[in-house]
Each structure stands twice: as structure tokens, then as C-alpha cells.
Amino acid sequence: MGGLFTFLAFFLIIIVILLILTSCIKIVPQAQAVVVERLGAYLDTWSVGIHFKVPFVDRVAKRVNLKEQVADFPPQPVITKDNVTMRIDTVVFFQITDPKLFAYGVENPIMAIENLTATTLRNIIGDLELDQTLTSRETINAKMRASLDVATDPWGIKVNRVELKNIIPPAAIQDAMEKQMKAERERREAILRAEGEKKSTILVAEGKKESAILDAEAEKQAAILRAEAEKEKKIKEAEGQAEAILKVQQAQADAIRFIKEAGADSAVLQLKSLEAFAAAANGRATKIIIPSEIQGIAGLVKSLTEVAEKDKADER
């Protein structure tokens, strides 16, 4: 019986020793660090890998996450330079760079960052008016990041970025801004409409001008063509008349030449000349000048005609 009790006691002691040794082995994963204390005092900061500690003497004081972290803080009331109260919520991106300072620098680092963010935001917004606050987000973000980075450096924290998530002005200010935006949109719409009408009027006027120019050009070309046609017509008529007169004269000349070749006396030639004058007049001339010789012959012809007519009367 006594031997069994001794075996069990020895077995329990072995198990306890194994548990103690196992608890002394620490594995630190990636992107983490472990702050170790010995007898209540800071001993070392373990990085990634396997580590051993002395049992009952060393202890893990704090595990630190080295990844970049995000802290989303609720809206904070702030007052602008022109005494407008608004609410602004911020988002802070930070990273722990020194686990020792983070473990021993401040009691509650996240709460400290939140309070520091609120006070810094109030200081910055207090120097700006409402319109500047609404249009200067990048400037406010840069100033807050620089201020928070300096303040959190003793805590082993680096502030990488600060963003203003929402800016919530009072309801009255929101209504006024909406009315202003509506009026601005209406003004832009009126300007665009007026510019459109102006361009339309200009285009219509230019179209009418181009149409009038084209009509005038077409009328000019038509007039030129009509004048050329009339000119060609008159030229053709004159050429036709000249050719007709030339042919008549040629025929008369040929007749006189034939009579002359036939041995006709001067009286016949003068009579043919008289016929040529009559043909030349053709009922169109209002006055014809006849040479005196032809007038004499004409009188002689008249006298002979009268004598012939008298003889015919006597015979009857």
C-alpha cells in the first residue's frame, strides 16, 4: 500500500514539473511582442520566436499587437471661430512601435488617444470658421496627425493617419446650407439656360445669314446666266439678219450680173436697182433715199404704163 502511494506521489510530482516547464516555454507569433518582468521589474521584450522564462520569477507583463490599428471615436462637440457648435467624429490609425513604452507609458492608451484627439480637434477647429472647417479637411487631418504623433511618442505609439469621418453642423445650419445649395443650383441652371438660348439665337442668325448669302449668290448666277443667254440670242439674231441681208445682196448682185451679161441696157439695170431697193426695204424701212437717176427711170416707167393703159382702152 505504501509503495502505491509513493508511486502516485512521484507521478503527480512529474506531472507538475512537466506543467511548470511547459508554462515556462513561450512562443511569440508574428506581429506581436511580449513584455517580460522579473520580480516585478521590467526584464525584456520578446519578439517573434520561442522563449523560456524562469518559473515563479519571470512573468509575462503584457502582450502587444504590433499591427496597425484603427480607433473610431464617437462624435465630439466642437465650437468654430464664428461660434457655431458642431459634432465631428474622427478615425485614428496608429501602430505600436515600442512595446515597453506602450506597457509602462500610460494606463489606458486608447482612452488617452481619444481624449487627446478630442482636445486637439477643439483647438484646431476653434481657429477656423464654419466655411473653412467644411472645406479644410485635409489641413485639419494633417495638423491633428502631427500633433497626436508628437504627443503619443512617449507612449510608444506612432499615429500614421487621422481622418475626419463626419462633420455634423446644427440643423439650422444644415437647412441654410441646403437652401444656399439649391439657390446656387438654380442660378447655375439659369446661366446655362441663358447661354444655351444665346448660342441658339446666334446659330439661327448665322444660318439665316448663310441662307441669304447663298440665295443672293444663286440669284446673281441666275442673272448672269440670263444675261449671257440674252446676249447669245441677240448675237444669233444679228448674225442671222446679217447672213440674210448678205444672201439677198448676193442674189441681187448675181441677178444684175446675169442681166448685164445678157446685154441689158442701162434702163433695165436701173429698174433692177429699184427692185433691189424695194426688196431691201421689205416693208420695214420708214424712209428710203432713191438716187435721181432711178427717180427719172421710175417716172418714165410710169408714163409708159399710162400710155399702155390708154391704148388698151382705145382698142376696147
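This is a predicted model: local features need pLDDT of at least 70, side-chain atom pairs count only at pLDDT 80 or more; totals for chains, interfaces and linings use all residues.
Residues are numbered from 1 along each chain as its sequence is written. Local features need pLDDT of at least 70, side-chain atom pairs count only at pLDDT 80 or more, totals for chains, interfaces and linings use all residues, and side-chain values use heavy atoms, with hydrogens and water left out.

**Exercise 1.** Determine how strand E8 pairs with strand E6 and with strand E7.

*Solution.* Strands (E, at least two residues) and helices (H or I, at least four residues) are DSSP runs, numbered from the N terminus. Two strands pair if DSSP finds at least two bridges between them. Step 1: strand E6, residues 69-72, is antiparallel to strand E8, residues 85-96, with four bridges. Glutamine 69 has phenylalanine 94 in E8 as its bridge partner. Step 2: strand E7, residues 76-79, also pairs with E8 in the antiparallel sense over four bridges. Step 3: E7 and E8 make a hairpin with five residues between them, and asparagine 83 in the turn has a positive phi of about 60°.

**Exercise 2.** State how many bridges join E8 to strand E9, and in which sense the two strands run.

*Solution.* Step 1: E9 covers residues 157-168, and ten bridges join E8 to this strand. Step 2: the two strands run antiparallel.

**Exercise 3.** Describe the salt bridge between aspartate 72 and lysine 165.

*Solution.* Step 1: a salt bridge is a side-chain nitrogen of Lys or Arg within 4 Å of a carboxyl oxygen of Asp or Glu. Step 2: the side chains of aspartate 72 and lysine 165 meet at 3.0 Å, N to O. Step 3: because aspartate 72 lies in strand E6 and lysine 165 in strand E9, the pair ties together parts that are 93 residues apart in sequence.

**Exercise 4.** Is glutamate 37 buried or exposed, and what is the salt-bridge partner of glutamate 37?

*Solution.* Step 1: buried means under 20% relative accessible area, exposed over 50%, and partly exposed in between (1.4 Å probe, protein chains only). Step 2: glutamate 37 has 7% relative accessibility and therefore counts as buried. Step 3: the side chain of glutamate 37 forms a salt bridge with that of arginine 59 (2.9 Å, N to O). The pair links strand E2 (residues 32-38) to strand E5 (residues 58-65), with glutamate 37 and arginine 59 lying 22 residues apart. Step 4: arginine 59, at 45% relative accessible area, is partly exposed.
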